[in-house]
Amino acid sequence: MSENSVQVQKPALFDRIFHPEHIALANGHAVDRPRSRMPLILICLAIVIWVSLQVTEFDFSLIIKRGRELGVILGQIFQPKFSYFPKVISPLIDTIRMSLLGTILGCLIALPLAIFASSNINRNKPTLLIIRFILAIIRSVPTLIIANICALMFSLGTFAGFVAITMFTIGVVAKMLYESIETIDMKPFEALTSFGATSLQAFWSACMPQILPTYLSHCLYCFEMNVRAASILGYVGAGGLGILISERVGWRDYSGLGIVLLSLFVLVVTIDFFSDWLRSKLS
Amino acid sequence: MSEKKLSIEEMYEARPKSLLIRILVFVIILALVIWSKAGINFSGVAAKGSDIAWGTIYGITHPDSTLLFDMSHDGVLYLTLQTIAIAVLGTIIGGILSIPVSFLASTNIVPKWLAVIFRALILLVRTIPSLVWALVWIRVTGPGPFCGVVTQSICSIGMISKMYITAIEDLDTGILESLDASGCTTFQKIRCGILPQLMAGFISTVIYRFDINLKDSATLGLIGAGGIGASLVIAISGRRWNMVGSYLLALIVVVLIIEYFSTRIRAKLARGEK
């Protein structure tokens, strides 16, 4: 085996700058061992970290000096004031309602969008790209910012939170769904269209059964995320637990905050457990 | 079914019928919708609601270009850099802190009771929203980007550890045994037996988390933890749509670019390329 026949493709830029190590083996063959990329990666990483340290005014001594403060606050949070619990119930239910309604509506809107955004079903490139672009923009704006704008638009309250959750759900579920739609088996669809079914009929009977379980499990996953997200939306005035969180922190009532967080914790764990159980039923 | 040949009609009759379940699921979802609808009070669009909707769209299409290319510390460029820097440091520190935590929470490394304790801790960290962590940390570090870094370092532990644990519990111990048999020292076993198995999974987790942290660090600015969020919210409440537009535009562009590269790098890592 001569050296020239091995090198079919042009070496990468890195290998042209740092030539590979030439090793002559005992049996007369020669092999090229590319130089490790590790030093280059490490240098880049070091530069990035150094710049970041400068920009963020990193000061570790601050933590050592004032770390006791954190202990005091955490100590109070872990002694929740149970007498405050009756006031937590109503915002807690608001949070569940916001995320539930937002998830259901968002998932319903996401389904057609995802179908039109999957390249194996929608052959029309421009509409595909436009829908994907809109979805990407929706996903890239943080939920809290959307909630903030909604709170100005629809006046403060749960409705703004509901709209923000719906937007977030559309972005996330549609993306996960079109990625799974692109992996489905299209042969049943082609078989049905060859029988003379319209593409809508064929899609309904051949593709829907394949999509449905993944779709439902994406929806459940998104519901889990939404409950967590909805709990802080109140911070910008969009209803739910967030109002209490900002109020308790403002009053430095950390044991009150403790009970808010405890009820959120119990809620999230319950929902995680329940949706895990449902998902295991689905698959 | 395969023993007896069925005609198409008979097969069609024998198709799974789940009408009852479907109706039941539909009724449950309908009931949930009605129940939650009762709590969502739609009080109508606020007096200038449509102005705000148009303002946002107008702002994104007509961003404030002087602000966009302003090199000072209040300019979009510097704030975006700060947002990225917070996410970078938070993710890296979180990723490093997660390593011992996740080893201590893996059932194939430590006894079960210890693993359960650490898993409960991880769950606790994951459930508390990052905004609340930031509100607590800000009392320690004071407002500024440093608070964002510390918050993200702690918050990232939750999700990163969860994914690390899956990687650690999938470790193939047969490799360690064969390295043992060939007389490797403990260090060599870790270097050649454990690291190559874990590295790809760990790096791809960290990159994925970086994506999330980037959006998160824009949010944390809301409470004064540095980054682009604070100026964005001030601009929104002041209804300076051109400024809102330029901040949002920068945020969207950065998030999309980083999402694109992170997806590509993770796909490469999953295929096992270097």
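This is a predicted model: local features need pLDDT of at least 70, side-chain atom pairs count only at pLDDT 80 or more; totals for chains, interfaces and linings use all residues.
In which sense, left-handed or right-handed, does H3(A) pass H5(B)?

Chain A comprises 12 helices and two strands. Read from the N terminus, its elements follow the order α-α-β-β-α-α-α-α-α-α-α-α-α-α. The chain is more spread out than a compact globule, because its radius of gyration is 27 Å, well over the 19 Å that the globule rule gives for 283 residues. Along the principal axes, the C-alpha atoms of chain A fill a box of roughly 85 × 70 × 35 Å. The domain assignment of chain A gives domain 1, covering 1-58, and domain 2, covering 80-282. The centres of domain 1 and domain 2 of chain A, taken over C-alpha atoms, are separated by 44 Å.

Chain A meets chain B through 51 of its residues, which are in contact with 52 residues of chain B. On the side of chain A that touches chain B, 35 residues are nonpolar, nine are polar and seven are charged.

A helix pair that joins the two chains can now be considered. Helix H3 of chain A (residues 38-55) packs against helix H5 of chain B (residues 76-104) at an angle of about 115°, and their axes are 9 Å apart. H3(A) passes H5(B) in a left-handed crossing, which settles the opening question. H3(A) contributes A:Val48, A:Ile49, A:Val51, A:Ser52, A:Leu53 and A:Val55 to the contact, while H5(B) contributes B:Leu81, B:Gln82, B:Ala85, B:Val88, B:Leu89 and B:Ile92. By class, this contact has 10 nonpolar and two polar residues, with no charged residues.

A further pair lies within chain B. Helix H8 (residues 145-169) and helix H10 (residues 186-220) of chain B pack with their axes 9 Å apart, at an angle of about 150°. Since angles over 145 degrees count as roughly antiparallel, H8(B) is therefore roughly antiparallel to H10(B). The crossing in which H8(B) passes H10(B) is right-handed. From H8(B), the residues making the contact include B:Gly148, B:Thr151, B:Met159, B:Ile160 and B:Tyr164. From H10(B), they include B:Leu198, B:Phe202, B:Val206, B:Arg209 and B:Asp216. The contact of H8(B) with H10(B) divides into 10 nonpolar, eight polar and two charged residues.

Methods:
Residues are numbered from 1 along each chain as its sequence is written. Chains are lettered from A and ligands numbered from 1 in the order in which they are written. Two residues are in contact if their C-beta atoms, placed from the backbone, lie within 7 Å. Ala, Val, Leu, Ile, Met, Phe, Trp, Tyr, Cys and Pro count as nonpolar, Asp, Glu, Lys and Arg as charged, and the others, Gly among them, as polar. Axes are lines fitted to C-alpha atoms, for helices over the stretch in contact, and angles run from 0 to 180 degrees between N-to-C directions. Helices (H or I, at least four residues) and strands (E, at least two) are DSSP runs, numbered from the N terminus. Angles under 35 degrees count as roughly parallel, over 145 as roughly antiparallel, 65 to 115 as roughly perpendicular and the rest as oblique. A crossing is left-handed if the near helix is turned anticlockwise from the far one by less than a right angle, and right-handed if clockwise. Domain bounds come from an automatic or database domain assignment. The radius of gyration is taken over C-alpha atoms; the globule rule is 2.2 Å times the number of residues to the power 0.38.
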